[in-house]
Amino acid sequence: MVPFAGWEMPVQYTGVKEEHLAVRASCGLFDVSHMGEIEVSGDRAIDLVQLLITNDIERVSDGQCQYALLCRDSGGVVDDLIVYRFNMDRFLFVVNASNAGKVLDWMREVQAREDFSDVDIEDQGGQYAQLALQGPASREVLRPLLDADPAGIGHFRFHIGLIGGDIEAIVSRTGYTGADGFEIYLAPQDAEAAWKLITDAGSAHGLRPAGLGARDTLRLEMGYPLYGHELGEDITPMEAGLRKYVRFTKDFIGREVLERQAREGCGRTLVGIRMIEPGVPRQGYEIHAGGEKVGEVTSGTFSPSLNVGIAMGFVTPGAAKNGAEVSIAIRGRAARAEMTTLPFYGK
Amino acid sequence: MEFPKDLKYTKEHEWVKVEGKIATIGITDYAQDSLGDVVYVELPQEGGSVTKHEPFGVVESVKAVSDLYSPVSGSVAEVNDAIIDSPEAINEDPYGDAWMVKVEISSQSELDDLLTADEYQKFIEEEK
């Protein structure tokens, strides 16, 4: 167990590699109750949401969710999040645990400055526990427990219903692993019972409880950014390669800067790196090309699926070239690697 | 967790087996368990020298990277190349197949402050 944003979190249950491979082959269950939840409601909720997020929530329907970013006026990222659209008057923001406080402050600041006092912003972090059931067997595991066919919940859609007959839950077809799966929001007092129901139903399918360690290796194989690594107050979505979650067809905070970057380019580019020589790239290691430092690793690990060291990192735009050889400075040694497109897994 | 009685131990979680002038060195069951899945090992060259309390190699798991500290000074007589290709052996058999190096000891007196199995076990219980 490790402390994380005020929570005691399991890094691993039986081992990062085993948990990781279980998610790829069958399924794993993560307790991600630390995630923050903020509800935005009221007649003009839609307008405030649209102003806050880079993506366009009007492009989806009620019962759908969407990945987006919250930016400052500078274009820097306050947090990345999933927006759940119950209807045009009610939205749920699911944000990173470590950012929940500052996201709430930012939302209230925008609310005040843009005159949205009639919209309700409520911190509901204490009202939800979250379990993430991830992996190809997730559907089969959930089928006997849910009051609807899990296969009928489309990608990035959610169902509000019952688990095990009487546990109220929001079940979305989402996740942070790149595998098929579901994220399940429920009242904290029901979390333990739901955990037990799911692990019991999953035992025949090879379900493994999975911790933060596997969550990180899984997201890295998919090239998903993690706040504090590939995202931050001084990093814009354009630099982090998240252009497709930014919609210039609507207005939002930070748009001016992002639009300029879209036109003129950014000062750095996020790339994927795969080791050629043995070694595990880690955050902070330098990336060299042609004898010069061109960037730094932001996240790195050993990929349990691919059996090779993988990393993401920012490099100068001129250096970013798919297939180009680079070297990673691993404890004073220059280990050969190549730049590659993301994701690493499932291409 | 196992701590064979015929081995000596260090506070950096290495074990040493002394046979005459040769010390065989590896990491303990506790060390491999704390590290988790080991995916990479760096060891010195045969014929090179190692110094007591100084790093002689690196062991890296999915989660973390950790230096290996030599329990004795001397010259490297043999390196277990097999674990470079199969680092998972360190998790599976830390006292057997996954020995790391054999060192020809330069000073027998350096062995004096190594811990016995009981002392080491007590040390890690206090460290927890």
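Helices (H or I, at least four residues) and strands (E, at least two) are DSSP runs, numbered from the N terminus. This is a predicted model, where local features need pLDDT of at least 70 and side-chain atom pairs count only at pLDDT 80 or more, while totals for chains, interfaces and linings use all residues. Residues are numbered from 1 along each chain as its sequence is written, chains are lettered from A and ligands numbered from 1 in the order in which they are written, and side-chain values use heavy atoms, with hydrogens and water left out.

Select Pro343(A), in the segment after strand S19 (333-340) of chain A. The peptide bond joining Leu342(A) to Pro343(A) is cis, with omega about 0°.

Now jump to the loop between helix H4 (138-142) and strand S10 (158-163) of chain A, where you'll find Phe156(A). Phe156(A) isn't a glycine, yet its phi is positive, about 60°.

Next comes Arg331(A), in the loop between strand S18 (325-330) and S19 of chain A. Arg331(A) is another non-glycine with a positive phi, about 50° here.

**Stop two: where the chains meet**

What does Arg331(A) form a salt bridge with? Show Glu42(B): that's the partner, and the closest N and O atoms are 3.5 Å apart. The rule (a side-chain nitrogen of Lys or Arg within 4 Å of a carboxyl oxygen of Asp or Glu) finds four salt bridges across the interface of chain B and chain A.

Pick out Tyr40(B), Val62(B) and Lys63(B), which supply 44% of the area that chain B buries against chain A, more than any other three residues. The buried area (accessible area, 1.4 Å probe, that two parts lose on being put together, summed over both) is about 1100 Å², with carbon and sulfur atoms giving 53%.

**Stop three: a sheet in chain B**

Switch to cartoon for an open sheet of six strands in chain B, ordered S1-S2-S3-S9-S8-S5, with antiparallel pairing (two strands pair if DSSP finds at least two bridges between them). Strand S1 (8-9) and strand S5 (49-50) are the edge strands, each pairing on one side only. Zoom in on S1(B), which pairs with strand S2 (residues 14-19) over two bridges; there, Lys8(B) has Val16(B) as its bridge partner.

**Last stop: stacked rings**

The structure holds 12 aromatic pairs over all chains (rings of Phe, Tyr and Trp, its six-membered ring, with centres within 6.5 Å; planes under 30 degrees apart count as stacked, over 60 as edge-to-face and the rest as tilted). Show Tyr9(B) and Tyr120(B): their ring centres are 4.9 Å apart and their planes at 10°, so the pair is stacked. Tyr9(B) is in strand S1 and Tyr120(B) in helix H4 (residues 117-127) of chain B, so to speak distant parts of the chain, 111 residues apart.
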